[in-house]
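Welcome! Let us walk through this structure together, one piece at a time.

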Amino acid sequence: HEFTESALSIVGGTVPDTIFEDMSDEDWKSGFAARWLFVTTQQEPDFDTPLPDEDPQELAAARRRRLADLAELPRQLYAMPHTVMAITPAALRMWDTQRRRTEQAAHQFDNDVLRYVVTRLNTVTLKLAMLVNLATADSDDWTSIDAYTMTTAQRLTDYFKLTLADLLATRDKKAKHTGALQGVLAKIVKANKEKSNYPTAREIQRSYHSMEQNTLQTLLDELYRRGAVILVHGGKRYKAVHEKLPVGK
């Protein structure tokens, strides 16, 4: 691999909903998804409120120093001459063993998108190994990927796979929810057009065989929140504003 200049594929901040709505299955399968680094948290981070024993000014200064440190590595890499990066036999065997195992396991996945992405992550492991090697070299001899570096790169790839699987599982659940929303909206549109009727929640529920009232009300509330429907006749009947489901905000 020859690096003619320092580069990053994608740097940005987003939320899962945006990824699900703006990326098609072809984007995931083509290798586009493998160029993302997904960072997820259990709760929304608060970067502005210092801990009880932290001084706000010292905290801000520490952040500036940390950002400067992070910016230093790309500067150093950009200044390095072009080089050939080798891989030791032991590291190559580790990568090849993992590649074969991954590709074999991928055929057992129920999710087609995950199957495509996971097999492409074998290449990502090599890229991570190079980056880890560059970032952790103790001397100027950073041109050889050893078994230790490969272990670290494979571990990082495994974390990526786990996060990716969670995101895709969430996307699949969201897709089912989106399909249900579109189904309810279609019934409202049909009633508005064919019967000149603005149905109530109870009337919509009658057209379903097994949907619970609470579930339906949740879908109706979401349609209202997205601006797909409005309430008329005393706020008890639904009128469609759109025939297709608007993108969620």
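How many Å should the 13 residues of helix α8 span? At 1.5 Å a residue, α8 (residues 213–225) should span 18 Å, and its end C-alpha atoms are 18 Å apart, which agrees. The expected span is 1.5 Å times one less than the number of residues in the helix. Helices (H or I, at least four residues) and strands (E, at least two) are DSSP runs, numbered from the N terminus.

A word on what you are looking at: this is a predicted model, in which local features need pLDDT of at least 70 and side-chain atom pairs count only at pLDDT 80 or more, while totals for chains, interfaces and linings use all residues. Residues are numbered from 1 along each chain as its sequence is written, and side-chain values use heavy atoms, with hydrogens and water left out.

Now stay with α8. Its buried residues are L216, L219, L220, E222 and L223; buried means under 20% relative accessible area, exposed over 50%, and partly exposed in between (1.4 Å probe, protein chains only). Seen down the axis of α8, these buried residues fall within an arc of 160 degrees, so they line one face of the helix. The arc is that of the directions from the helix axis to the C-beta atoms. On the other side of α8, Q213 and N214 are exposed. Just after this helix, G227 takes a positive phi of about 80 degrees.

Strands β3 (residues 229–232) and β4 (residues 237–240) run antiparallel and are joined by four bridges; two strands pair if DSSP finds at least two bridges between them. L231 has Y238 as its bridge partner in β4. Four residues lie between the two strands, and in that turn H233 has a positive phi of about 50 degrees. Most residues other than glycine have a negative phi. H233 counts as exposed because its relative accessibility is 56%.

A91, W95, R99, T102 and A106 are the buried residues of α4. Down the axis of α4 they fall within an arc of 70 degrees, so they line one face of the helix. P89, R93, R100 and Q104 are exposed on the other side of α4.

With a relative accessible area of 32%, S144 is partly exposed. Its C-alpha atom is separated by 8.6 Å from that of M130, 14 residues apart along the chain.
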